[in-house]
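Hi,

Here is the structure I said I'd pass on.

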Amino acid sequence: GSKRKAAMKKLAENTISALDAGTFWDRSCPSRILWTTILTEPKWAPKVFAALKVNEPNLDQFALEFFKYSYSSIGGQSYALPKELGEKTKINVNDLVRHAKRRLRDKTMQFPLRAAWQSIVDGKALYGADGADARSY
């Protein structure tokens, strides 16, 4: 109802304010905040994503937080593009893939960031430690 909408609006506004102030990544569980904001109230996704891009044009911290897929005792943290992103929001997944390809041109980029971006290009979960296929274990 209207209380839920008001709460989601406030969450999105607070998320954008924290991004603008440069304090968002210092919050507890920024990935959970992003997931909740972007996926629960999709109309806010473009505004949150725009604030992300303004405050961190390379989107590396976003990639490390938002693309977390699963954790394995064998391979550690894995990364993948959430299928819900394209289905439930107005964020253009093709734009993210293009951005990932641009970021991967940086030969100095190391794991786990390289795995997070490569998972977007490859369309599969990859382990952050070395970029191995996370579904092979």
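**A80 and its surroundings**

Let me start with A80: setting aside neighbours within four places in sequence, A80 touches F67, Y69, S119, I120, K124 and A125. Bear in mind that this is a predicted model. A80 sits in the loop that runs between β2 and α5 (83–88). Is A80 buried or exposed? With a relative accessible area of 8%, A80 falls under the 20% cut-off, so A80 counts as buried. If you want a reference point elsewhere in the chain, T23 is 57 residues from A80 in sequence, and the two C-alpha atoms are 25 Å apart in space.

**The sheet**

Next, the strands. There are three of them in an open sheet, ordered β1-β2-β3, with antiparallel pairing. The edges are β1 (68–72) and β3 (126–127), each of which pairs on one side only. Between β2 (residues 76–79) and β3 the antiparallel pairing runs over two bridges. Which residue of β3 is the bridge partner of Y79? That would be L126.

**The core**

Now for the nonpolar side of things. The largest nonpolar core holds 31 residues, and L34, I38, L52, F62, F67 and W117 are the ones with the most contacts inside it. Two or more residues each come from α1 (2–21), α2 (30–40), α3 (45–55), α4 (60–66), α6 (93–104) and α7 (113–122). The largest share belongs to α3, which supplies five residues.

Not counting residues up to four places away in sequence, F62 is in contact with W25, L34, F49, L52, E56, F67 and L96. Among these partners, L34, L52 and F67 are also on the list of residues with the most contacts inside the core.

**α1 against α3**

Last item: the packing of these two helices. On the α1 side the contact involves T15, I16, L19 and D20, which meet K47, V48, A51, L52 and N55 of α3. By type, the residues of this contact split into five nonpolar, two polar and two charged. L52 turns up here again: besides meeting α1, L52 touches F62.

Cheers

Key
Residues are numbered from 1 along each chain as its sequence is written. This is a predicted model: local features need pLDDT of at least 70, side-chain atom pairs count only at pLDDT 80 or more; totals for chains, interfaces and linings use all residues. Side-chain values use heavy atoms; hydrogens and water are left out. A nonpolar core is a set of buried Ala, Val, Leu, Ile, Met, Phe, Trp, Tyr and Cys residues joined through side-chain atoms within 4.5 Å. Buried means under 20% relative accessible area, exposed over 50%, partly exposed in between (1.4 Å probe, protein chains only). Helices (H or I, at least four residues) and strands (E, at least two) are DSSP runs, numbered from the N terminus. Contact means heavy atoms within 4.5 Å. Two strands pair if DSSP finds at least two bridges between them. Ala, Val, Leu, Ile, Met, Phe, Trp, Tyr, Cys and Pro count as nonpolar, Asp, Glu, Lys and Arg as charged, and the others, Gly among them, as polar.
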